[in-house]
Amino acid sequence: MGDNYLNKIRLIAVTAFVLFYSSISIATTLKYNVNGSSSWVPYYIPNKVENSGILGELVPKILSIAEVEVEKHNFPPKRTNQALEKGLLDFDFVSPSWFPKGDMGDQFIQSSAILSIQENIITLEKNQSQWSDIDKITGKSIGTVRGYLYHDDDIFTRVDFASEKQLIKALHKDRVSAAISGDLPALYWAKQLQLPIALAAVHSSGVLVMRLRKEHSSVMPRINMAIAQLQNDGTIQAIVDKYTKNEQYQQ
C-alpha cells in the first residue's frame, strides 16, 4: 500500500508540473482596437507596415515579450471607450493626465509608464526665449488644433488649424507666432516638412500607459516586465528617436 500511495503522489506532482508549465506557455489573448488611435501621428501612422509609428512598432514588442496575443478589432475611434467599458475590447493606450484627477474608472488598471507625453508651446527657434514662460500665452492668439480640448483656453485666443502639421506650416508663414502641440507630433512634422521649430514652455505633461480591464490583471506583471526590459535595453528611446530626430526618415 505504501508503494501505491507514493506512486499516486508522484502522479499528482507530475500532473501539476505539466499543467503549470503548459498554462504559462500559452499566450494570453486580449482584444484590441487597431484603429483606436490611427490618426495620432507619430504614435500611430495608418497604412504603414515598417514605419507604423511609435506605438505601432512598440506595442507588438511589448505584447510578444509578455506572451500576450491580440485579437484585432476595427471599431471606429469614437467607439473605443464605449467598447472598453462593455468588455468588447480589453486594453488601449492613454495618459492618466487626460482623465479628471487621473482616475480611469473602477473597471481598469494601468501599467507602468511606457514613455513621457507632454504638450509644449511651439514656435520658431528665433522666438523660443519669448515663450519660455507659460504665462506668456495669456491674452495672446495661440495656434491650436480644431476639435482638441485645452484645459486653459479661456486665457488665450484660439486660432484653430486642421492638424499639428498645419500648425508647423502656420508658424513658418507667420500666421501665428506660437502654438500648442504635443512635443512628439510637433517634432515629427517639423522633421517631415523640413521646417524646424523649437519647443518652448511646457503646457501640460504626463505619461503614456496601457489601460487594461481589471479582469485581466493577472497579465499586468508580465506587461510591466516587458516595458521595463524595452526601456532598459534602449528600444523605446530608439523608436522615439526614429520618428523625431533630424536624421532623414522616409514614410
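The model is predicted: local features require pLDDT of at least 70 and side-chain atom pairs count only at pLDDT 80 or more, whereas totals for chains, interfaces and linings use all residues. Residues are numbered from 1 along each chain as its sequence is written, and side-chain values use heavy atoms, with hydrogens and water left out.

**Overall make-up**
- The chain contains seven helices and nine strands, taken as DSSP runs numbered from the N terminus (helices H or I, at least four residues; strands E, at least two).
- Of its 251 residues, 41% are buried (under 20% relative accessible area, with exposed over 50% and partly exposed in between; 1.4 Å probe, protein chains only).

**Helices α4 and α5**
- Helix α4 (residues 164-172) packs against helix α5 (residues 183-193) at about 65°, with the axes 9 Å apart; axes are lines fitted to C-alpha atoms over the stretch in contact, and angles run from 0 to 180 degrees between N-to-C directions.
- From α4, E164, K165, I168 and K169 meet P185, A186, W189, A190 and L193 of α5 (contact: heavy atoms within 4.5 Å).

**Positive phi in loops**
- Most residues other than glycine have a negative phi.
- D174, in the loop between α4 and β8 (179-182), has a positive phi of about 60° although it is not a glycine; D174 is exposed, with a relative accessible area of 61%.
- Q194, in the loop between α5 and β9 (198-213), likewise is not a glycine and has a positive phi, near 55°; Q194 is exposed, at 60% relative accessible area.
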